[in-house]
Amino acid sequence: MIKAIIIDDETAMQEVNSQLLSEYFPSIKLVGTANCIKSGIDLIQKENPDLVLLDIELTDGSGFQLLQKLPSYDFKVVFITAFDSYAIKAIKFSAIDYILKPVNEIEFKEAIQRALDLIESKEHTESQFNILMNSFKKELQNKKLVLRTQNSMHIVDISDIHFCKSDNSYTTFYFKDGEKILVSKSLKDYESLLKEYGFFRPHQSYLVNLNHIKKVDKTDHGFIIMKNKKEIPISTRQKKNLIDLLDRL
């Protein structure tokens with residue numbers, strides 16, 4: 001009997017995937033479900049599954065981060081994702097399969113069957129995951145963002161953005177070469193757009209690129225020092241969230 005677990009922060013998705021496994025793959029036994037990185041790791045260590053259906057976006061981080069926190073693993077992974085096309089391209093390139101939300105039964109059956117074939121062939125999953133992460137990072141490096149000002153349209157590399165600062169309904173973008181671009185959109189608009197690309201909002205007025213953080217001061221009135229030497233305040237509420245997030249990188 002092949003043991004499987006589902007890690008997804010949406011109860012409805014857990015139920016859908018559980019039902020599809022039961023209906024189409026009676027040889028697979030679902031031994032548990034989890035909804036976050038911590039409970040997912042605990043369940044994996046307890047059950048030692050052969051197959052993990054893993055959501056990419058969890059409440060406390062990503063499925064990628066969960067796998068990175070494991071010292072090693074030999075189970076097969078099928079990602080569950082509503083992610084955009086560049087992430088799906090990276091997953092597909094790595095030969096680790098995925099199920100796209102909302103779930104299509106035919107695609108579900110194909111993805112799980114391929115995972116079963118891999119289990120039978122004993123192909124090593126961890127090396128595939130390394131390929132995935134390298135591809136994922138490469139795709140991110142080439143990701144563009146269009147910033148429209150009153151007189152111009154700027155096409156910028158997301159990886160070049162150090163941080164963003166709010167000024168009421170305006171947002172200023174700061175880049176590693178010292179350039180600044182002011183746009184007439186709120187920081188909240190960009191937070192939702194950039195959070196999946198490694199950006200974090202440590203303070204009501206700031207959104208920072210985690211890849212450009214040099215140091216975090218953890219004292220009572222702590223702050224972030226960016227690689228361009230700018231200091232960014234951290235709210236008391238967000239300090240622990242930031243430290244936990246950086247610990248998972």
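This report looks at salt bridges in a predicted model.

## Overview

Seven salt bridges turn up when the whole structure is searched.

## Glu 10 and Lys 101

Glu 10 and Lys 101 form a salt bridge through their side chains, with 2.8 Å from N to O. Glu 10 sits in the loop between strand E1 (2-7) and helix H1 (11-24), and Lys 101 sits in the loop between strand E7 (97-100) and helix H5 (105-121), so this pair ties together parts that are 91 residues apart in sequence.

How exposed is each partner? Glu 10 is partly exposed, at 37% relative accessible area. Lys 101 is buried, at 15%, because buried means under 20%.

## Lys 101 and Asp 55

Lys 101 also meets Asp 55 in a salt bridge, at 3.3 Å from N to O. Asp 55 belongs to strand E3 (residues 51-55), while Lys 101 lies in the loop between E7 and H5, so the pair links parts that are 46 residues apart in sequence. Asp 55 is buried, with a relative accessible area of 2%.

## Asp 42 and Lys 38

Another salt bridge joins the side chains of Asp 42 and Lys 38, with 3.2 Å from N to O. Both residues lie in helix H2 (residues 37-47). They are four residues apart, about one turn of the helix.

Is each residue buried or exposed? Lys 38 is exposed, with a relative accessible area of 57%. Asp 42 is partly exposed, at 37% relative accessibility.

How values were computed
Residues are numbered from 1 along each chain as its sequence is written. This is a predicted model: local features need pLDDT of at least 70, side-chain atom pairs count only at pLDDT 80 or more; totals for chains, interfaces and linings use all residues. Side-chain values use heavy atoms; hydrogens and water are left out. A salt bridge is a side-chain nitrogen of Lys or Arg within 4 Å of a carboxyl oxygen of Asp or Glu. Helices (H or I, at least four residues) and strands (E, at least two) are DSSP runs, numbered from the N terminus. Buried means under 20% relative accessible area, exposed over 50%, partly exposed in between (1.4 Å probe, protein chains only).
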